Amino acid sequence: MKIQQEQISDYNQRELKSHTESFDFLANRLTNNGHNVNDIVSNLADFQVAIPSWALGAGGTRFGRFGFYGEPSNLEEKIDDIGVLHSLTQTAGAVSLHIPWDIPSDYNTIKEKADALNIKFDAVNSNTFQDQKNAAGTYKYGSLSNTSKAVRDQAIQHNLDVIKIGDKLGSKALTVWLADGSCFPGQNNFQTAFQNTQNSLIDIYKGLPEDWSMLVEYKPYEPNFYSTVIQDWGASLMLANGCGDKAYTLVDLGHHLPNSNIEQIVSILQLKGKLGGFHFNDSKYGDDDLTVGSIKPYALFLIFNELVYGMQNNPQNPDLAWMIDASHNVKDPLEDLIQSLEAIQEAYAKAMLIDQKALKVAQLDNDVVKCQEILQGAYRTDVRPLIEKARLITGGAIHPINAYRNLGVRDQLIKERGKHTVATGL
Ligand SMILES: [Mn+2]
């Protein structure tokens, strides 16, 4: 399934009048308030978020999984789906592969397909949270932190293999998320587990190509329910610092205890030049993996405020690897991903409307009310016409969800793939 450019242009023609009216109105207002609308639209058009290769099928919980018709059953079809997302939104120009779920059988075919769809290979993800077929050692009691050297070596080798796979495709980063930890007090020696993890990460780090980076993700609980070895940003930062300049912390929105001040975490990590990657999702209770912006859009906006500030003021911090890390249990995964992409762009656009100069003055004056007025003034602006404009000028659809339904994409996928295909990895 490939969407043709004329299909999108035809669709846009029908929406153009209404878009132009709302865009002109907003652009005029923003320009009068001193904003450079062209810069904002062009930043939005440039912003690309990686789609993880495992997110194109239905997700599930430990209680079960309800499949979704027409799921991609191999990596080629997954790349096709990302192509659909990218042609509609022009924001999904990257894929983040999960190994071993998505090892290419033919590297050239996959690369050509991705190239033709304008999709890059972003960070590759290793998996030591499941045992692999025919593996000698088990990760039941940990991988990089395991008390057994043989198991640690197996997990290190897996990560080195993942780097090789990513290198063949043009990836430049390895993301490490560990399920390692303990379910019961006394099960683990915290210090030994941490030190084993540090040493294992150093061995992996040594295998990074020169222009690669390593992203260390953290999570406070689950699947281990008493402790995780890399439980928070502090542990991640210590491990990254213990490896070297090319190792960074990765923040996943869902990997925090309730009410953590995530915007403060990203801010300080950028100050220290150590924020390397960012995973988007949303949650109500824990790591719920819900659609981005569906529960706490204001929190997302505050996080983007810090991200934008960092991108503008922290040259010591690298460009970030952005990825959606959500699970699609009851929605069409492609529609869910479009909604997430739109929520990300919306938060980004609103953050760009914050008058940083005025905010600084208000902060220096300790004018707390004014500070809040500035933030909320930006947040309350309906920025959707700016996002529509960014899509329009890059060849995307003015309203991607409508276009997706209008073009009958899912029906077409079911026709091509059948009803009962199952995406790998879930
Ligand atoms: Mn994640």
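Predicted model: local features only at pLDDT ≥ 70, side-chain atom pairs only at ≥ 80, totals over all residues.
**Start at Asn118.** Select it in the loop between H4 and strand E5 (120–121). Asn118 has 15 C-beta neighbours inside 10 Å, so it counts as partly exposed. Check its backbone too: phi is near 65°, a positive value in a residue other than glycine.

**Next, Asn259.** Find it in the loop between E11 and helix H8 (262–271). Its phi is also positive, about 70°, although Asn259 is not a glycine. With 7 C-beta neighbours inside 10 Å, Asn259 counts as exposed.

**Now two cis peptide bonds.** Select Ile99 and Pro100: the bond between them is cis, with omega near 15°. Pro100 sits in the loop between strand E4 (94–96) and helix H4 (107–116). Then go to Glu222 and Pro223, joined by a cis bond with omega near 5°. Pro223 belongs to the loop between E9 and strand E10 (227–228).

**Select helix H6, residues 190–206.** Colour its buried residues, among them Phe194, Leu201 and Tyr205. Their cover includes helix H5 (149–169), strand E9 (213–217), helix H7 (233–243) and strand E11 (247–252).

**Zoom out.** The protein chain holds 15 helices and 13 strands. Its radius of gyration is 22 Å, close to the 22 Å that the globule rule gives for 426 residues, so the chain is as compact as a globular protein of that length. Buried residues make up 46% of the chain.

Methods. Residues numbered from 1 in each chain as written. Buried ≥ 20, exposed ≤ 12 C-beta atoms within 10 Å, placed from the backbone. Helix = DSSP H or I, 4+ residues; strand = E, 2+ residues; numbered from the N terminus. Contact = placed C-beta atoms within 7 Å. Rg over C-alpha atoms; globule rule 2.2 N^0.38 Å.
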